[in-house]
Amino acid sequence: MMALKQTMVTTLEHLSVELFHEIFIYFQLHEVLYIFSNLNSRFAAIMDNLSLIPIYLGLNGMNIAVTKFYYTHLSQSNTSSRLTSLCVSDTLAIDNGLWLAEHLSTFINLRHLSLIDIKRSSFELILNSLSIVINSLIMFSVRFSTEDRAAYTFTGVPEGVYYERIFHLFPSLRICHLFFWPYIHSILDSQLVLPPDKTFMPVQISLLNLQSLAVCCLPNFLSHLFEHLPQLEQLNYTQTTPWLPEKHLLRHSDHNRVTPINKHLAPNLCHLTIKWSDSMMNLESINELFERDVLFSLMKFRLLAWVAGPDVLHNLQSMLYSQCLYSFDAIWSVRTVVSLSETSKILFDTFQQLKELAPIELELSLQENMYSIRALTVPRMDKCLCVDLYLHKNTVHGRTPWSYNGCTFNNQWLHCNRIRMSEDYDRINEEFLSFSPPIVLWHQVTSLSITEPFNRNHLHLLFSQATNLRTLELRYRAEYDCKAYLKQETLIDLLNDSSLCNMLMSNGLRQLNLFTVWQQLNLLNVAYLIVEQLPHLQIIELHGGAREFIEMSHILMSGLSKLHFLTLHGILQHAELYDKKLRDLQNSNTRSFRTEGSNTINDDILFIWL
């Protein structure tokens, strides 16, 4: 046995440094340093050269204390000068973006930089902090966790306002993702400063090395960008709403006319994704954006859009090279009343229209005075499944009736990681859970939403199958809800069930989102039960603006040692009042915390970071 131990130790000692670096990728940097730095001199030397490990600041459950460690560690000259990859997020933190603005210029060898939910003031400070260009940076990304957060963060800015500055500061970019989003409601025409006869801020600088771009903009600005991106190979394009107020003189002028992107502007484009959701795509929409020779050169194409009808998909397919790999998720509506008995013929006729395309799945939904059809190539790419919509009595599904690889449909929802159970019908939930084989891969499901009341047997089945569940959403009903007559357990009973709660903790649940109703009676009891039964929670969201939110917050902050972020939604522009009440309770709470009102226009959210 001793000889075996010596052999194992010797084997570990002689593993290559490269292999250790591969292992370290599965940890956060502070975990690697804590576990390995004091083992022996060899590991100490490896720890001193960890510049290749990406740093994720504000992600993966990072509390204030751990964040301060990173602030100190990354501020050291021997670390900052060797850092190559950094992601900074304010989704579950406060003012990480402000810290980055003060230190970005010291990361002289940075190659990858990602910004998530960074508010406008911090973002502009980050750009203004750089007095010289960073030639080492080859990947830059700005994105947001929700569309609302993107819109409200940059409310009232003209389209393209940051592009010139970004292109100037990072001239060596090969990958660039810029998910800016317009928000012009309540914005006056005079608040937008634009060059004469321009509907956007033009770009003068070219990125000669850029190969991949993801961008949200209007078609005319996209066409303008292509004049400065000669090497672009991959484009992920999302059509946005207009960036100008409704009554702006230029909004409906000829200056919005789109010049189609031709082969001269896009000689190397081979991968194209289009998300077209602000307006209906018709037969001319693609032709107005790209000339046929560009589409014919594509090797991979994906479309997500509202379309005028199936002929749009046929027209697109005819313009693509026969070897091009394409997929689509398209919806169209027909304004006529049909009965459920007529749906089979409609689906058959639609399949006949689309039979030259790839294997597809159709969803036909009956609505008042109309019906809609959703056509998807398989396997479908949805990440969220709403059980009520998918199995509703007025929704009919159809699949390609001719030959295909049968295993394609064994699990249609191969990419699904979030499930929202039916709020109203036990029968629908029962049907969903009875599918064999299931239509989702349960080990991939990380988020689950359920509504009171809910069948206890269903909960046991759900929690036993979703073994990697990380986020649970619990929704209360109002006392007067007509559906509340169902005689199943309430959520207070769920939290009283030690067996269910133990399953959640063993599965790794880390976030709880609780949706309350007005004048909820048992919220303080719920808070105490959460502390007792779900002790490892790290993130909690409280929705509904109940009067007990302050006392609930105090109970949760005091009782959950691992809790590091708490969000209060629906406080109706009383963020400062809630903040003051929390501060008044701080003397009886041993944990320090920071607060911030939301950066959204609604101003009804309070963030609490511990």
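**Figure 1. Proline 219 and its contacts in the predicted model.** In this predicted model, proline 219 touches Tyr237, Val258, Trp276 and Leu289, leaving aside neighbours within four places in sequence. Proline 219 belongs to helix 11 (residues 219-226). Is proline 219 buried or exposed? Proline 219 counts as buried, because its relative accessibility is 14% and the cut-off for buried is under 20%. Isoleucine 261 is 42 residues away from proline 219 in sequence. In space, the C-alpha atoms of proline 219 and isoleucine 261 are 9.8 Å apart.

Figure 2. Why is helix 7 described as largely enclosed by the rest of the structure? Six of its eight residues are buried, so the rest of the structure largely encloses helix 7. The buried residues are Asn96, Gly97, Trp99, Leu100, Ala101 and His103. They pack against three helical or strand elements listed here with their residues: strand 1 (55-57), helix 5 (64-75) and strand 3 (112-116), among others. Also among the packing partners are strand 2, helix 8 (120-128) and strand 22 (605-609).

**Figure 3. Aspartate 95 and its salt bridge to arginine 594.** Aspartate 95 sits in the loop between strand 2 and helix 7. Its phi is positive, about 65°, although aspartate 95 is not a glycine. The side chain of aspartate 95 meets that of arginine 594 in a salt bridge, with 3.2 Å from N to O. This pair links distant parts of the chain, 499 residues apart. Arginine 594 is in strand 21 (residues 594-597). Arginine 374 pairs with aspartate 329, and their closest N and O atoms are 2.6 Å apart. Arginine 374 lies in strand 12 (residues 370-377), and aspartate 329 lies in strand 10 (residues 325-334). The pair therefore ties together parts that are 45 residues apart in sequence. Are arginine 374 and aspartate 329 buried or exposed? Both arginine 374 and aspartate 329 are buried. These two residues also belong to a network of salt bridges. Glu361, Glu363, Arg380 and Asp382 are linked in that network too. By the rule used here, the count comes to 15 salt bridges.

**Figure 4. Aspartate 497 paired with arginine 456.** The closest N and O atoms of this salt bridge are 2.5 Å apart. Aspartate 497 lies in the loop between helix 19 (491-496) and helix 20 (498-507). Its partner, arginine 456, lies in helix 18 (residues 456-465). The pair ties together parts that are 41 residues apart in sequence. Aspartate 497 is buried, with a relative accessible area of 11%. Arginine 456 is partly exposed, with a relative accessible area of 33%.

Figure 5. Asparagine 369 lies in the loop between strand 11 (360-367) and strand 12. Phi of asparagine 369 is positive, near 65°, in a residue other than glycine. Asparagine 369 is partly exposed, with a relative accessible area of 48%. Proline 379 lies in the loop between strand 12 and strand 13 (384-386). What kind of peptide bond joins valine 378 and proline 379? The bond is cis, with omega about 0°.

**Figure 6. Phenylalanine 140 in the largest nonpolar core.** In soluble globular proteins, nonpolar side chains tend to be buried together. Here the largest nonpolar core has 104 residues. Which residues have the most contacts inside this core? They are Phe123, Phe140, Ile166, Leu235 and Phe290. Leaving aside neighbours within four places in sequence, phenylalanine 140 is in contact with several residues, including Leu113, Leu115, Phe123, Ile166 and Phe170. Leu173, Ile175, Cys176, His177 and Leu178 are also among its contacts. A second, separate core has 66 residues. Ile550, Met552, Leu568 and Leu606 are included in that second core.

Figure 7. The structure holds four cavities of 30 Å³ or more. How much space lies in the largest cavity? The largest cavity holds about 70 Å³. Its lining includes Phe301, Leu303, Leu313, Leu316 and Gln317. Leu320, Tyr326, Ser327, Phe328 and Leu357 line the largest cavity as well. Strand 9 (300-307), helix 14 (310-319) and strand 10 each give two or more residues to this lining. By class, the lining has eight nonpolar, two polar and no charged residues.

Key: Residues are numbered from 1 along each chain as its sequence is written. This is a predicted model: local features need pLDDT of at least 70, side-chain atom pairs count only at pLDDT 80 or more; totals for chains, interfaces and linings use all residues. Side-chain values use heavy atoms; hydrogens and water are left out. A salt bridge is a side-chain nitrogen of Lys or Arg within 4 Å of a carboxyl oxygen of Asp or Glu. Helices (H or I, at least four residues) and strands (E, at least two) are DSSP runs, numbered from the N terminus. Buried means under 20% relative accessible area, exposed over 50%, partly exposed in between (1.4 Å probe, protein chains only). A nonpolar core is a set of buried Ala, Val, Leu, Ile, Met, Phe, Trp, Tyr and Cys residues joined through side-chain atoms within 4.5 Å. Contact means heavy atoms within 4.5 Å. On a 1 Å grid over the protein atoms alone, a cavity is a set of points where a 1.4 Å probe fits but cannot get out, and a pocket is an open set with protein on both sides within 12 Å along at least five of seven lines; lining residues have an atom within 4 Å of a point. Grid points are joined across faces, edges and corners, and a volume is the space filled by probe spheres set on the points. Ala, Val, Leu, Ile, Met, Phe, Trp, Tyr, Cys and Pro count as nonpolar, Asp, Glu, Lys and Arg as charged, and the others, Gly among them, as polar.
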